[in-house]
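Colleague: Could you show me how to read a pair of packed helices? I am new to this, so please go slowly.

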Amino acid sequence: MENILRLSCSDFNEDFAKGMDFVEGALVNVSGKKKNNIILAFEEVFVNVLQYNDDESLQIAVEVMSRDGYVYVKVEDNGEKFNPLLTKDPDLSLNADDRELGGLGLFLLKKISDYIEYKYYEGKNILTFGVKIDEGN
């Protein structure tokens with residue numbers, strides 16, 4: 001399986017729905033907890049890209065591929081340079097009211113993913129994460 005969606009972002013809700021529908025549709029051969037984890041991880045990445053790049057020139061490409069027992073999702077955008085792997089994990093020992101806002105979604109991404117890579121290349125953020133899936137799923 002290999003699918004690519006390209007978005008010229010102008011409407012958060014519409015773009016969010018298109019992205020989520022695309023990833024869910026690309027995961028027809030994945031089920032259960034693995035599928036839910038991939039969708040959750042993608043949602044966290046996708047929302048961050050859309051939310052923190054409020055620019056009409058934002059371009060996003062989403063690619064879903066399966067190989068060697070993994071499903072990989074690659075999100076590429078021309079937004080502001082941001083390496084989510086360098087974010088500090090939230091202190092989960094603190095009460096939610098006492099913690100700094102933010103970071104929980106990226107923390108979940110790191111925990112859900114069996115593989116994660118970030119690079120900034122030719123003015124684009126490129127984040128790829130992978131989840132190992134069972135043969136029978």
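Modeller: Gladly! The protein chain exposes about 8,200 Å², with 45% of that supplied by carbon and sulfur atoms (areas come from the Shrake-Rupley method with a 1.4 Å probe, and for residues only the protein chains shown count as cover). This is a predicted model, where local features need pLDDT of at least 70, side-chain atom pairs count only at pLDDT 80 or more, and totals for chains, interfaces and linings use all residues. Residues are numbered from 1 along each chain as its sequence is written, and side-chain values use heavy atoms, leaving out hydrogens and water.

Colleague: How is the packing of two helices described?

Modeller: Two packed helices are described by the angle between their axes and the distance between the axes. Here, helix 1 and helix 2 (residues 32-52) pack at about 155°, with axes 10 Å apart. Helices are DSSP runs of H or I, at least four residues, numbered from the N terminus. Axes are lines fitted to C-alpha atoms over the stretch in contact, and angles run from 0 to 180 degrees between N-to-C directions.

Colleague: Which way do helix 1 and helix 2 run relative to each other?

Modeller: They are roughly antiparallel, a label for angles over 145 degrees.

Colleague: Where is M20, and is M20 buried or exposed?

Modeller: M20 lies in helix 1 (residues 12-26). M20 is buried, because its relative accessible area is 8% (buried means under 20%, exposed over 50%, partly exposed in between, with a 1.4 Å probe and protein chains only). Beyond its neighbours within four places in sequence, M20 contacts I39, F42 and E43, where contact means heavy atoms within 4.5 Å.

How values were computed. Helix = DSSP H or I, 4+ residues; strand = E, 2+ residues; numbered from the N terminus. Parallel < 35°, antiparallel > 145°, perpendicular 65-115°, else oblique.
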